[in-house]
Amino acid sequence: QVQLVESGGGLVQGGGSLRLSCAASGSIFSFYAMGWYRQAPGKQRELVAAISRGSSTNYADSVKGRFTISRDNAKNMVYLQMNSLKPEDTAVYYCNGGPTMAAMGTISWGQGTQVTVSS
């Protein structure tokens, strides 16, 4: 069973950058599409970036051009580089995955990592 551990969050000023990391256990990682989600207080969890097994990527319009998702299959890692951060990016960020980009969210959720962007 795949387990996920997110890290790299913190407090940053608007316009700043952070790099989130997601460590995944399990030998099936390289066969999974992976994504980064976020949940702000009082809001539903939303998918902000996804990467296929072959490293094709998709982004939510709200982060396009600012965030970059990447993966290292040899290390079972997924990353989210976040630049030009805005206060509205404040949320708990989670990674998750699934057999395809259309079928993600199938892994047990980790604890997430808090990102707070000050104005």
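Buried, here, means under 20% relative accessible area. Keep that cut-off in mind. This is a predicted model.

Start with serine 52. At 13% relative accessibility, it falls under the 20% limit, so serine 52 counts as buried. Where does serine 52 sit? In the loop between β5, residues 46-51, and β6, residues 57-59. And what is serine 52 in contact with, once neighbours within four places in sequence are set aside? Ala33, Arg71 and Met101.

Next, the disulfide. The count comes to one. Cysteine 22 is joined to cysteine 95, S to S 1.9 Å. The link ties together distant parts of the chain. Cysteine 22 lies in strand β3, residues 18-24. Cysteine 95 lies in strand β9, residues 91-98. Now the handedness. The torsion about the S-S bond of cysteine 22 and cysteine 95 is about 55°, so this disulfide is right-handed.

β3 also takes us to a sheet. Four strands make up this open sheet, in the order β1-β3-β8-β7. Pairing is antiparallel. Which strands stand at the edges? β1, residues 4-7, and β7, residues 67-72. Each has a single partner strand, so one side of each is left without a neighbour in the sheet. On average, neighbouring strands of the sheet are turned by 15° against each other, direction ignored.

How many bridges join β7 to β8? Six, and the two strands run antiparallel. β8 covers residues 77-82. Take aspartate 72: its bridge partner in β8 is methionine 77.

Methods:
Residues are numbered from 1 along each chain as its sequence is written. This is a predicted model: local features need pLDDT of at least 70, side-chain atom pairs count only at pLDDT 80 or more; totals for chains, interfaces and linings use all residues. Side-chain values use heavy atoms; hydrogens and water are left out. Buried means under 20% relative accessible area, exposed over 50%, partly exposed in between (1.4 Å probe, protein chains only). Contact means heavy atoms within 4.5 Å. A disulfide is a pair of cysteine sulfur atoms within 2.5 Å. Two strands pair if DSSP finds at least two bridges between them. Axes are lines fitted to C-alpha atoms, for helices over the stretch in contact, and angles run from 0 to 180 degrees between N-to-C directions.
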